[in-house]
Amino acid sequence: MLKLRRNITAARIFQFLFYALGFPLIVHLVLVSSGPLIDNGLVNSGKEQLIGTINYYTGPAVMGIYYGLALWAIFIVGQLLLKLFVRKNRWTRTAIAVILAAIIIVGPVLYIDLLKKPEYDALQASFAERNIEVEDWGKSASKFGEFTEDNQADIDSFMRTYNIQKFKGKNYSDTNADGSLSIENEEDAAWYSPNGMYADGYVFSFKQANKVLKDYYTNKAAYEADGENIEIELQQALEELESNPYSDWSRYKRGDAESSFSMEDFSYITDSDEYKVAYGEDGIARKYYLTEERLAQVLSVLGRELGENESIGSLLPAISSFIDLGGLDIMSLLNEDLSLEVLVDVVNGLGLGGTLRQLVDPTSTETEIDEAFVFGLLANYSSYQSPMTYPVFYFIEDEGLRDFAYANYYAKIHGAKIGSVLVGTGENPKVGHITMDASGMPAPTQEEVLATIDQFEAFETISQKFYPLFALRESLVKFGAFATLCVFAAYALTIYIDKKYAKLTLKAGVK
Amino acid sequence: MKTFIKILLFILGFPALIGLAVYSSINIFQEGQSYGFLTFAGVIVLALFFVAYLITFIVTEVKSKKSKSKKIAQKGMVALVLVAFIFTGGLWIIIDVLLPDILDDATSGTLLFDDVRENYKVQAQVNGQLLEDFIIRNYQNENLDNSVALETYLQEGYRNERVKLLIHENFTSLDTNGYGAFTSTGPWVGLADGDRLTIPVLVHLLFNEKEIDETLPFYLEFDRIPKEIVYDDMDPEDYYYNNVERDDPEAGVTWSVLDMAGSPMEISLGGMLVDMDPGLRTLVLSLIQTLGPSLVGTLRDIVADPAVAGAPIYLGIKIGREDIENTGIILMPSNESRGVLDYKANAWLDSNNLLFAVISIFPIRFWLYLWGAIVIAMSVAIGAIRMKEAKEDDDFQDEEADYNNTYREFKHTEYDDSDLDDPNLSPYEKAYFKAQRERIRRA
């Protein structure tokens with residue numbers, strides 16, 4: 001009697017164990033194989049969702065787990081139907097359940113191998129046409145975890161190079177300098193201003209940094225292929241927009257009627273006054289950079305204060321013994337009337353204009369500087385693109401050139417502002433973390449950047465589409481037979497337990 | 001004997017918890033003593049919880065003693081255990097949901113729940129130190145009457161009315177005309193704080209036109225201006241000129257971005273000087289020393305002019321007399337002169353009374369969570385003893401009677417077993433019913 005009970009208890013434990021070693025084990029193994037996918041930003045484009053206090057995840061990285069759960073659910077439904085329709089013969093029920101389990105396990109693997117592989121091969125071929133290397137099906141199917149981890153290392157290195165803090169980007173303030181609100185676009189992983197440009201405090205997400213670099217370098221390369229220099233083309237296009245009084249840009253600044261624009265479907269962000277509101281006299285945007293008036297004020301203070309300082313007068317003879325000032329009386333300049341005009345004259349008078357020009361642009365042949373030159377220099381450090389107006393490049397007609405213009409602005413000017421320079425300039429270009437006390441990293445070459453971006457794109461496409469399937473496939477292949485066996489064992493034990501129970505019943509009265 | 005054990009178990013429960021929690025809080029009491037009862041908020045909460053537990057304990061004890069019934073003792077145990085759980089870990093699970101937001105509000109987001117949770121001792125020290133630093137600064141610039149000893153102020157702390165006024169009123173100026181003015185014109189302070197201080201960000205911070213409330217007073221009796229030239233072997237006390245009385249001790253002030261971070265910036269020139277020809281170096285150093293004060297003074301005036309940065313940044317030159325490498329340009333914020341801390345510290349100090357109340361809760365929280373297990377276990381043990389006491393006098397008649405009743409009802413029922421052919425019954429169920437009925441028939 002006691003032995004019988006012990007047998008039943010043991011059988012029950014094993015019954016549960018075998019059940020757990022079937023589909024639950026497969027789901028668990030898919031979960032384990034999906035680990036690297038979940039950790040990888042490119043595969044895991046989804047996000048955590050919250051229903052009450054229960055977390056669930058969306059996005060391609062976890063799809064393998066959901067497929068596994070779906071297979072298990074199908075099996076459970078099958079089991080319930082069997083119980084309903086095959087009541088008498090318990091061995092028949094067992095046989096059908098085991099066959100069902102086998103089909104549920106083998107079917108998806110065959111489906112993946114027969115129907116998904118051609119898709120993969122086609123995709124691989126299309127990448128090969130663009131000279132982008134993608135691993136073969138066989139290798140990917142077995143080493144997808146390793147590839148995903150390698151890719152994550154590349155992502156990390158990319159983010160370090162360009163000083164990108166967060167994969168999904170970071171916005172340092174909900175409001176721009178002028179008080180306008182920035183709006184998050186989760187799909188783009190970006191925060192935008194009302195004019196469609198990045199918000200003032202937006203530090204690129206991985207995705208947007210890739211997009212900017214791609215727009216910059218692919219268009220540059222396309223022009224190079226035609227023997228053209230895109231930067232010169234851009235400059236010409238901008239000059240044309242500025243100088244032509246009937247260009248869309250000039251119309252925009254004037255606030256002409258929307259119907260008069262050559263650009264189709266043009267509409268103002270707020271109203272036709274917007275440019276004047278931002279950049280007109282007392283314009284809002286003018287408060288946030290060194291305007292001509294502001295510079296004049298600063299220089300005037302500088303002239304006045306230095307002029308009032310007596311030590312300067314005694315210092316000057318010492319200086320003139322080192323530097324030839326050409327009879328220039330500096331003290332006479334140092335008063336309230338000190339202005340940019342005066343300074344420009346002094347520089348030109350000393351014959352330094354040409355030197356300065358060549359410092360900025362080695363090809364320059366001009367010998368004098370003017371105020372516009374100084375403001376051009378200043379704009380690199382102090383300019384403000386109003387979030388409430390379109391930039392001039394919005395009105396460039398050619399799409400490639402326009403994309404390049406935006407990318408050029410984001411990579412160099414926005415990037416320099418937020419300390420994540422994407423495209424370096426000068427002889428030894430630097431990118432990334434360039435601040436008051438950091439000098440950035442050596443910039444990768446155009447070819448390197450394009451190759452990296454291509455690799456990221458190929459990985460993203462392939463991994464999102466196939467890696468979750470591989471995670472499922474791997475567990476099904478390795479543990480399919482074992483799981484089927486365990487399903488059988490669980491059923492067999494049920495029969496065993498039932499039989500033992502029957503015995504228990506007969507002897508129940510005996511004490 | 002049993003009463004003695006019960007008392008012992010009781011003491012090991014909640015009273016021990018109180019002891020541990022108070023012991024862990026001593027540090028907080030010391031640091032925040034001048035903030036009054038708020039520092040004891042945690043202990044007060046704990047005491048209230050204990051009263052609830054104590055009442056439950058007494059009521060159940062009395063009831064169980066009076067009735068001498070095992071059932072009553074059992075009910076009492078369940079009640080005691082439930083109350084023990086609710087007033088230790090239970091309520092805290094709910095409070096934990098609310099607390100992070102309260103803390104966030106009290107510190108304008110500068111102090112996070114997870115930062116203090118296990119770190120309350122250090123946090124209490126940091127917050128206690130803020131008050132001390134604040135008082136010392138304001139004593140040095142004579143904002144606090146120097147005819148009274150510094151120790152007196154330190155001892156009185158927040159209870160001193162002048163100290164209280166300076167903390168709150170001067171922070172309003174720093175907050176509204178400083179931090180608030182900077183953050184309302186975009187992300188620049190955030191970027192600078194996030195290790196992204198680029199030249200464009202600096203230009204924005206210096207030149208953006210800001211909204212300033214000029215009517216806000218700033219309570220400062222004396223101007224305390226740093227010298228233009230200082231030496232590395234000088235006592236930091238001597239970095240300043242003598243205090244100069246202000247015309248209007250309540251006149252408003254303006255703030256530069258350096259005041260938000262509160263610490264000086266140094267641009268080292270040491271490397272350059274070391275490489276220099278010794279003759280030239282001597283010439284440069286003597287030029288700096290003779291012309292420096294006047295030139296640096298002019299530069300300070302330029303920076304402070306409303307057309308430029310509009311707020312004082314105390315430029316200075318530090319000369320390395322001990323080690324030439326120490327030579328450099330210093331950009332000093334005005335915090336020390338004006339007797340305020342950096343923005344974050346001052347924001348904490350401004351709500352320190354509230355913060356101490358919140359911090360005082362953390363050791364209590366920790367021990368309630370952890371020792372809650374012991375309190376529950378002790379409650380069960382006490383309950384078990386009471387049941388045993390009851391059992392001895394009780395002869396467990398109640399339960400036995402109940403059992404017999406149900407048994408008898410069962411016995412009189414007759415079955416014909418035809419209902420067991422129901423196809424919806426599993427083999428287990430059939431076997432179970434059969435066995436059960438068989439047993440009843442035979443009994």
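How many cavities of 30 Å³ or more are there? The count comes to 5, where a cavity is a set of points, on a 1 Å grid over the protein atoms alone, in which a 1.4 Å probe fits but cannot get out. This is a predicted model, in which local features need pLDDT of at least 70 and side-chain atom pairs count only at pLDDT 80 or more, while totals for chains, interfaces and linings use all residues; side-chain values use heavy atoms, with hydrogens and water left out. Residues are numbered from 1 along each chain as its sequence is written, and chains are lettered from A in the order in which they are written.

**The largest cavity**
- The largest cavity holds about 80 Å³ of space, a volume being the space filled by probe spheres set on the grid points, which are joined across faces, edges and corners.
- Its lining residues (those with an atom within 4 Å of a point) include S193(A), Y198(A), D200(A), Y409(A), H414(A) and K417(A).
- That lining divides into 5 nonpolar, 4 polar and 2 charged residues; here Ala, Val, Leu, Ile, Met, Phe, Trp, Tyr, Cys and Pro count as nonpolar, Asp, Glu, Lys and Arg as charged, and the others, Gly among them, as polar.

**The second largest pocket**
- About 1,300 Å³ of space lies in this pocket, a pocket being an open set of points with protein on both sides within 12 Å along at least five of seven lines.
- Of the 39 residues that line the second largest pocket, L197(B), L202(B), V257(B), L258(B) and M265(B) lie nearest its centre.
- The elements that each supply at least two lining residues include α11 (292-308) of chain A and α13 (278-304) of chain B; helices (H or I, at least four residues) and strands (E, at least two) are DSSP runs, numbered from the N terminus.
- α10(B) gives the largest share of this lining, with 5 residues.
- By type, the lining has 28 nonpolar, 4 polar and 7 charged residues.

**Where chain B meets chain A**
- The contact (heavy atoms within 4.5 Å) takes 42 residues from chain B and 54 residues from chain A.
- Together the two chains bury about 4,000 Å², 64% of it on carbon and sulfur atoms; buried area is the accessible area (1.4 Å probe) that two parts lose on being put together, summed over both.
- On the chain B side, R196(B), F207(B) and Y428(B) lose the most area to chain A, together 17% of what that side buries.

**Salt bridges**
- Over all chains there are 26 salt bridges, each a side-chain nitrogen of Lys or Arg within 4 Å of a carboxyl oxygen of Asp or Glu.
- Between chain B and chain A the count is 1 salt bridge: D305(B) pairs with R304(A), with the closest N and O atoms 3.1 Å apart.
- Within chain A, K116(A) forms a salt bridge with E119(A), the closest N and O atoms being 3.6 Å apart.
- K116(A) and E119(A) are separated by about one helical turn because they sit 3 residues apart in helix α5 (residues 90-129) of chain A.
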